[in-house]
Amino acid sequence: MNIISKYSNVDENTILGKGNMIISGATINVNCKIGNHNIINTNCSIDHNTKIGNFINISPGVNVAGSAEIKDKSFIGMNTSIKEKIIVEKNVVVGANSFVNINCKQNSKYFGLPLKKVND
């Protein structure tokens, strides 16, 4: 079962797994694939053909451009923007107010504008 706010917009061609929470103001556009047990928070925009894995927290105000991919157990901080076709690997933390314009490696932390890796 998913919990989807009546004040969100999920395109009918989006595939949703189970246990997801889609909060007020979130928009999920055409042909997205959302896995299981994710939080897509207030006023997020997930654009076309984006893939979101499992156990991911997408904080308020995040914008994800088309054909991006966010893999399992990642955290995207609030007001972050992710450029189109970017891949965020598993277990990545992206700090608030970042611009993700490079692919993010597994088990890493990133932050900033421009985005920088903050650990090895």
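How many salt bridges does a search of the whole structure find? The search finds 2, a salt bridge being a side-chain nitrogen of Lys or Arg within 4 Å of a carboxyl oxygen of Asp or Glu. The structure is a predicted model, in which local features need pLDDT of at least 70 and side-chain atom pairs count only at pLDDT 80 or more, while totals for chains, interfaces and linings use all residues. Residues are numbered from 1 along each chain as its sequence is written, and side-chain values use heavy atoms, with hydrogens and water left out.

Strands are DSSP runs of E of at least two residues, numbered from the N terminus. K71 is partly exposed, with a relative accessible area of 24%; buried means under 20%, exposed over 50%, and partly exposed in between (1.4 Å probe, protein chains only). K83 forms a salt bridge with E84, the closest N and O atoms being 3.8 Å apart.

N38 lies in the loop between β6 (33-34) and β7 (39-40) and is buried, with a relative accessible area of 2%. The side chain of N38 reaches the backbone nitrogen of F55 at 3.1 Å, and a polar atom of that side chain lies 3.5 Å from the backbone oxygen of N36. In such polar contacts, N or O atoms lie within 3.5 Å, one able to donate a hydrogen and the other to accept it within protein, and residues adjacent in sequence count only if both atoms are side-chain atoms.

Note on methods:
Helix = DSSP H or I, 4+ residues; strand = E, 2+ residues; numbered from the N terminus.
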